[in-house]
Amino acid sequence: MVRPCGLLTHEKKPVPLKSISVNLSICEFVAGVSATLNYENEEKVPLEVVFVFPVDEDSAVYSFEAMVDGKKIVAELQDKSEARASYEDAISQGHQAFLLEEDDSSSDVFCCNLGNLPPGSKAALTLKYVQELPLEADGAVRSVLPAVLNPRYQLSGGPEDSCLAMKSPMVPKEDVPYTLSMDATITSQHGVERVQCNCPLRATEYLADKTSAQISLADGHKFDRDVELLIYYREVHAPSVAVEMGEPSTKPDCLMGDPSAMVSFYPNIPEAQSPTACGEFIFLMDRSGSMDCSMSNRDNSPPRIEAAKETLVWLLKSLPIGCYFNIYGFGSSYEAFFQKSVQYTQDTMEEALRKVKLMRADLGGTEILAPLQNIYSAASIPGHPLQLFVFTDGEVNDTFRVIREVQSNGLRHRCFSFGIGEGASTSLIKGIARVSGGAAEFITGGERMQSKALRALKRSLQPVAEDVSLSWNLPPGLAAKLLSPEPTVIFRAQRLIIYAQLTGKMPPAEATGEVCLKYTLQGKSFENKVMFSLQPKFDANFTIHRLAAKSFIQTKDVGFTDTPANDKKEVLKVSIECGVISSHTAFIAINKDLNKPVQGPVARRDIPRPFIPYCASIPMLAGGGPAKFSALRCGARSSKPKCFRGVSPAMPSPHFAINRTTLKTNHTVVEDDHLAQLISLQNADGSWCLSDGLAVVLGMSLEDILAALPVKGADPSGWATVLAVLWLHGNCKDMKCEWDLLERKAVAWIHTHAGSVVQELAKAAVDVLKSSVDPAVFAP
């Protein structure tokens, strides 16, 4: 078979989509995006073109328009069922029609249909959306332009008419027959320090006062990764309130008619020196076939499953004594390490480590619903609130079903979710964290899974701000109505954004208002106040109104088929009034002004999507793309029972290759990654034993270490633990976020078991290791 190349589909036809051009405007924490899809029909027959593509689930898509042979056609947002019927009717009558819809089952996937594109005709379809941008741990604002849409696994009983159920052709990234360009403008009143991008840029320009920056994506983007910007402002933690003018011509009870406010707080919650030791920690790890893929397309990038296994080791070593834990692996079936959560001890930790070592990406597809239901069916452990950590590449189709399951159990636990690799479902990862009061992280490119996972574990062990409330001090006759759900808890280092509608009579221009965030932390009450101008600013795109509408829709919309009738009514009302798409609405435009209706049969052309061959085991078509999705190992069914309950020994697969995450629990060091080796040697109580393995890490002989013991008769474990902690500070300071928790355990153990000689041991360890680390690191 001749391999398709250039602008050709699998049917050897020219691909109608020629290019995607994106204009990105970022102001502080909000992004405005305008993306244009440029089509041309080079065939001799009229076409219907279908393009399935990713959009971040937080995006409020509010505009869709077409420019066809110089004529502009603006789409209208309608009930989705009506829009679909209108589209089909128009196509059947030979009219040109355009349909843009959110997937029925996942809010981060969109489908664009262009019907009856005549031969030789050109069309430019533009969609616009606004998005609230997340804040990273280092203070960077993160903006992602999704360019990768992985195949999604079809859940049993899932909808058959999902956009993702379409058999869109897939081609290797180097053969993607359309181009991507992006120009971005970034502004901040506080100043833009720097901008980083994971893709090559053509140019980066700053204004003289650095309040603005302009960047452009270099030509030749390969669609092998999402385009990610990390923006560092000079100030990101200042509280603020922005008030936006409404649209006076709308109905009185419409959200768009009144001014809207966007409130941003960053509470200064101090770090507790003695984190809690209670809790039930359950780690739910994706073991579907797609976890055999590499973390990224970089050279020597580890498979996702191996990075996940090493992360589990880090997490197990960092748990506090006295807590409870369990580990689940899931795919088409699921397996639990223990029949029920067990208390964290040396024996249970070692048993878990042995099973982690045997984990493989061998459980078929990605069915996360069954293990979640099994976890939630277990009785709560008194005094140990459930903390759930979910790691997945997010290749699930019906994400709304999963989110509903988490939401129905949201009051009894928090969920910390991690999207692994390029193209992870933002709908799934963000959705399950949002409805449970947890937090979401995405791990892409060269990022280490350990850093983000340990940061989340540390956050889960810290006390949270509770009894959260928001009060307003506004002039008489003016009131604030919350549009986003009021938060119940706030984590340390968490930014809080709330939307409100200001109703009533607006005061004179010089008037001000005040909003106060109140919360309690460890029995103490705190307040954060911010004053703001009540003079609303005009924005032609109504950015804040649309973000507020999106926030409201997210609380009610649980999919096209399963949203309760009353909630669906509210979603439809807000969606259509505000022009923000939902799973129940779609944009439709019909061009009836053609000189004559399109004649003859219409040929369908599905736009190919890039396939990223991080997994060598995926069968490829002779034409260069992967085999049909149903045959992919990420969609293959496991022969194991669907609802396996209990413990199943994970047997090594014949092709398994030992790598640095294969950690020995018998304290035999076999790898050259000294940090991983050192962590593998730590005991559950935080101590280290004096062993040959530790000597290898320290670069000394066991005899020399024993000879240097400064206090005769002292416990060798105390000496070993002091040396290990000092080595961490001296050799891995830049990775402290990964070993901070286990180091705290070690220091606490030292003071309990060697408190009288801590200083003597510390000073001797500094001399033995020839270290410059201050012995004060051992202060209680």
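## Exercises on helices and aromatic rings

The buried residues of helix H14 are covered by elements including helix H2 (304-318), helix H7 (449-461), helix H10 (674-681), helix H13 (716-731) and helix H15 (758-768). Contact here means heavy atoms within 4.5 Å. Helices (H or I, at least four residues) and strands (E, at least two) are DSSP runs, numbered from the N terminus.

The model is predicted: local features need pLDDT of at least 70, side-chain atom pairs count only at pLDDT 80 or more, and totals for chains, interfaces and linings use all residues. Residues are numbered from 1 along each chain as its sequence is written, and side-chain values use heavy atoms, with hydrogens and water left out.

**Exercise 1.** Compare the span of H14 with the expected span, then locate its kink.

*Solution.* 
- Step 1: H14 covers residues 736-753, 18 residues in total.
- Step 2: The expected span is 1.5 Å times one less than the number of residues.
- Step 3: A kink of about 35° is centred on Leu742. The bend at a residue is the angle between axes fitted to the seven residues ending there and the seven starting there.
- Step 4: Leu742 is among the buried residues of H14, as are Trp739 and Trp749. Buried means under 20% relative accessible area, exposed over 50%, partly exposed in between (1.4 Å probe, protein chains only).

**Exercise 2.** Describe H9 and what follows it.

*Solution.* 
- Step 1: H9 (residues 565-578) has 14 residues and reaches 20 Å, close to the expected 20 Å.
- Step 2: Val571, Leu572, Val574, Ser575 and Cys578 are buried in H9.
- Step 3: Their cover includes strand E6 (76-79), helix H8 (543-556) and strand E31 (585-591).

**Exercise 3.** Classify the pair Trp472 and Phe532.

*Solution.* 
- Step 1: Rings of Phe, Tyr and Trp (its six-membered ring) pair if their centres lie within 6.5 Å; planes under 30 degrees apart count as stacked, over 60 as edge-to-face and the rest as tilted. This rule gives 16 aromatic pairs.
- Step 2: The centres of Trp472 and Phe532 are 6.2 Å apart and the planes stand at 90°, so this pair is edge-to-face.
- Step 3: Trp472 lies in strand E26 (residues 466-473) and Phe532 in strand E30 (residues 524-533), 60 residues apart.
- Step 4: Trp472 is partly exposed at 22% relative accessible area; Phe532 is buried at 5%.
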